[in-house]
Amino acid sequence: MIPEEIVTFLEGATVGFAATRDAHLVPHIHFVAGWIVGDDRKTITCFFPPNYSKVLMPSLQDNGQFALTVLGSTSGPKASKPPRPDVDFHECYQFKGDYATSRLANAADAAVVERKGESFRKLFVPLFGFSEEACAARFKKPALAMTFPVREIFDQTPGPGAGRRVET
Amino acid sequence: MGEVRLPDEIRPVMENGIPAQVGTCSADGTPNATDISRVYYVDSEHLALSNQFFSKTIRNIRENPRACVNLNDLEAFTCWVVHLEFDRSETDGPIFDAMDMQIEAIASMTGMSNVFKLKAADIYRVTSVEKIEYGPAS
């Protein structure tokens, strides 16, 4: 089960990307526009934009291996008090598991992605100077929802503890 | 198979300050996704990634030399997908020194001065490069 504090982190996090690999062990990276934790806290559903990679589904159907990395949160267990967005956004976790199901994204999924886009703008426009148009293009209405049960969680926050397995 | 060359237009994307994403895969087939503050241009056929506390990525690369890097150019609505194969690791010399200096600068700007420390410059050969556009019309 995903720890409650990591669920809180995921709700506040704004940057997501995933790795899959094909039958030849070639890795592929995919932008993830949004995510939501299942009610049982055992699964995560990821939302992919309309132009998601052509190798995503063939890779998942070949071997199921999936790794989701999420960062850009100021609500994680390591958040500074008082908050320091310029530092806190480095907190990062990786979630590994096996592909379970996928479907077309729906209006509720689009609402999740829209909220992620808004959080992304609030956090990163001041830090990196991105334009509103650039942010909006990154968080388009999603096309695909993919769910995987979380098998392992790793703390990837930069520093000596990076790579530590989180108890679930 | 001919050598794959990086287009000139990719160089500014490597220097735009936006972190890149790196994918690797262990010998048993488990993928790994991590982000990295910068990717370094070595020459038209090679890139360098900083080896800092990259432990799982480095372990995977020693088992399976293939990697994938996504470079983001948000203002151009573009992502570059670069596939790589590990070539060698350098712990001194001009590439290492240049990366070390730039990492210190990034660490200082992001409040991570005591955390970011370069262990090695890992040099990769480019095996493919693809430009993905996701602008309003795509």
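**Basis.** I worked from a predicted model, in which local features need pLDDT of at least 70, side-chain atom pairs count only at pLDDT 80 or more, and totals for chains, interfaces and linings use all residues. Residues are numbered from 1 along each chain as its sequence is written, and chains are lettered from A and ligands numbered from 1 in written order.

**Chain B, overview.** I counted 3 helices and 7 strands in chain B, taken as DSSP runs (helices H or I, at least four residues; strands E, at least two) numbered from the N terminus. From the N terminus, the order is α-β-β-β-β-α-β-β-α-β.

**Chain B, sheet.** I traced an open, antiparallel sheet of 7 strands in the order S2-S1-S5-S6-S7-S4-S3; strands pair if DSSP finds at least two bridges between them. I found 6 bridges between S1(B) (residues 20-25) and S2(B), and Thr24(B) stands opposite Asn32(B) in S2(B).

**Core.** I looked up the largest nonpolar core, where, of 65 residues, Val32(A) and Leu68(A) touch the most other members. Such a core is a set of buried Ala, Val, Leu, Ile, Met, Phe, Trp, Tyr and Cys residues joined through C-beta atoms within 7 Å; buried means 20 or more other C-beta atoms within 10 Å of a residue's own, with C-beta atoms placed from the backbone. Strand S8 (residues 144-155) of chain A gives the most to this core, with 6 residues.

Technical notes. A residue is buried if 20 or more other C-beta atoms lie within 10 Å of its own, exposed if 12 or fewer, and partly exposed in between; C-beta atoms are placed from the backbone.
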